[in-house]
Amino acid sequence: MLSHFRALRDEHAAVAAIGRDPFGVAFDAVLSATEAMLGGRRVLLLGTNNYLGLTFDPDCVEAAVTATRALGTGTTGSRIANGTYGGHAALEARLAAFLRRRAAMVFTTGYQANLGALATLARRGDHLLLDADSHASIYDGARLGHAQVTRFRHNDPDDLRRRLRILASQPGEKLIVAEGIYSMLGDTAPLREIVEAKREAGAWLLVDEAHSLGVLGESGRGLAEAEGVEREVDFVVGTFSKSLGAIGGFLASDLDGFDALRLSARPYMFTASLPPAIAASAMRAIEAMEARPELREALRRNGRQLHQGLAAAGFGLGAMPGPIVSLPMPDQGVAVLFWNRLLEEGVYTNLALGPATPGGRPLLRMSVSAALTPAQIDAAVAAIVRVGHALGLLGVPLAAE
Ligand SMILES: Cc1ncc(COP(=O)(O)O)c(C=O)c1O
């Protein structure tokens, strides 16, 4: 066995030995947007990205079933061959209209949308300026395109400016990449200041709204809408796998000649397209996101309730109240134990360990859905507080940053 796999296997075995394997959970059944069966027991889902709770929305489910009956289970082909159906084209048109962009292209996942966007927009000789806490798909897209990567300190526009100044005399285009909401800590990018830095440097800006689509902004278009800077964002990336409750990703822009991207983005060209069921349910989910702002309001309320409940109990929390609430853990052992104890209490959360977390710090990542009831959130807070006390974490300040 290759030596690095051996090390990984040993580390994984040590984590799994503490209780249940946090990276091998397989639900027996998923009952709703908020509950599942695990090991014969009912658990509350407090670690999903199902922000608007649309996974069981009757219209989305019906659209998926109808599309499968009419068009089959899969397309068996790439978007540039036999894999584009009317549903894909309609979805792109709908997305572009929703985002107020001239064009949008749909990928099979959000991961591939970032791979395709970054690798195609910034090539060898160009510069990518990435927030240090960027999602893996952003880093991987940067590698695929061979642009020079410069990381700036997380959410630090001054550091971004400084780095842009250093690069000013170098040839090549500059593309800055930020995220609407960062997935691990739930913090938002200082987008207005990033836009200022972009303007000063004559750079381009791409915002990945994966976690902020449907969540932020009056209409749910994301952080750029909330901050009033949509016109300054050149490229929007997003996913259907979170607020829209399905799978798939997109890139939207006003760029002239946008369609040429379809013939150069390898993660678009060399993979099969979305199944008809998903194209259809994502379309319905966009309609629900537009037509039902009360879902966004419920999400906000739920995020506030979870955040306030935990803060009142004495947990040191980082970001402002939002749909993602993360508890920093003192070390990996405690994190794994906390996660297991909570599951025994009937609450499923996400265990996040380095290197996937900012600074490699272990986190218990929780996220709310609009579909959670106040009683469910109260019960979850009570369970988290019980475990926090049992593990001696309450009353002791947890390192927040
Ligand atoms: C910021 C960010 N971008 C992209 C993705 C990829 O999305 P998908 O699940 O659609 O591949 C994720 C998913 O976790 C994400 O957090």
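Tutor: Start with burial. Buried means under 20% relative accessible area, exposed means over 50%, and partly exposed lies in between. Keep in mind that this is a predicted model.

Student: Why is valine 236 called buried?

Tutor: Its relative accessibility is 7%. The cut-off for buried is under 20%. Valine 236 therefore counts as buried. This residue is found in strand β9, residues 235-239.

Student: What is valine 236 in contact with, leaving aside its neighbours within four places in sequence?

Tutor: Arg101, Val207, Glu209, Phe250, Leu251 and Ala252. Contact requires heavy atoms within 4.5 Å. Take alanine 252: 16 residues along the chain separate it from valine 236, and the two C-alpha atoms are 5.2 Å apart.

Student: What makes the pairing of arginine 161 and glutamate 200 a polar contact?

Tutor: The distance between their side chains is 3.0 Å. A polar contact needs N or O atoms within 3.5 Å. The pair qualifies as a polar contact. For contrast, look at serine 369: it is 208 residues from arginine 161 in sequence and 36 Å away in space, C-alpha to C-alpha.

Student: How do you know whether leucine 2 is buried or exposed?

Tutor: Its relative accessibility is 52%. Exposed starts over 50%. Leucine 2 therefore counts as exposed. It lies in the segment before α1 (3-16).

Student: Which residues form a nonpolar patch on the surface?

Tutor: Leu2, Phe5 and Leu8. Together they have about 310 Å² of accessible area. To join a patch, a residue needs over 30% relative accessible area and no salt bridge.

Student: Now a whole strand. Why is β4 said to be largely enclosed by the rest of the structure?

Tutor: Count its residues. β4 covers 103-107, and 5 of the 5 are buried, so the strand is largely enclosed. Both faces are covered. Ala103, Met105 and Phe107 are buried on one side, and Ala104 and Val106 on the other. In general, side chains of a regular strand alternate between the two faces of the sheet.

Student: What makes β4 and β10 a pair?

Tutor: Pairing needs at least two bridges. β4 has 5 bridges to β10, residues 249-253. The two strands run antiparallel. Valine 106 stands opposite phenylalanine 250 in β10.

Student: What is the order of strands in the open sheet of 4 strands?

Tutor: β1-β2-β3-β12, with mixed pairing.

Student: Why do β1 and β12 stand at the edges?

Tutor: Each has a single partner strand, so one side of each is left without a neighbour in the sheet. Further in, 4 bridges join β2 (residues 35-38) to β3 (residues 41-45), and these run antiparallel. Glutamate 35 has leucine 44 as its bridge partner in β3.

Student: How do you know that arginine 94 and glutamate 290 form a salt bridge?

Tutor: Their closest N and O atoms are 2.8 Å apart. The cut-off is within 4 Å. They form a salt bridge. The pair links distant parts of the chain: arginine 94 is in helix α3, glutamate 290 in helix α10, 196 residues apart. At 24% relative accessibility, arginine 94 counts as partly exposed. Glutamate 290, at 37%, also counts as partly exposed.

Student: How many salt bridges does the structure hold?

Tutor: It holds 27.

Technical notes: Residues are numbered from 1 along each chain as its sequence is written. This is a predicted model: local features need pLDDT of at least 70, side-chain atom pairs count only at pLDDT 80 or more; totals for chains, interfaces and linings use all residues. Side-chain values use heavy atoms; hydrogens and water are left out. Buried means under 20% relative accessible area, exposed over 50%, partly exposed in between (1.4 Å probe, protein chains only). A polar contact is a pair of N or O atoms within 3.5 Å; within protein, one must be able to donate a hydrogen and the other to accept it, and residues adjacent in sequence count only if both atoms are side-chain atoms. Patches are made of residues with over 30% relative accessible area and no salt bridge: like charges are joined within 9 Å, nonpolar side chains (Val, Leu, Ile, Met, Phe, Trp, Tyr) within 5 Å. Accessible areas come from the Shrake-Rupley method with a 1.4 Å probe; for residues, only the protein chains shown count as cover. A salt bridge is a side-chain nitrogen of Lys or Arg within 4 Å of a carboxyl oxygen of Asp or Glu.
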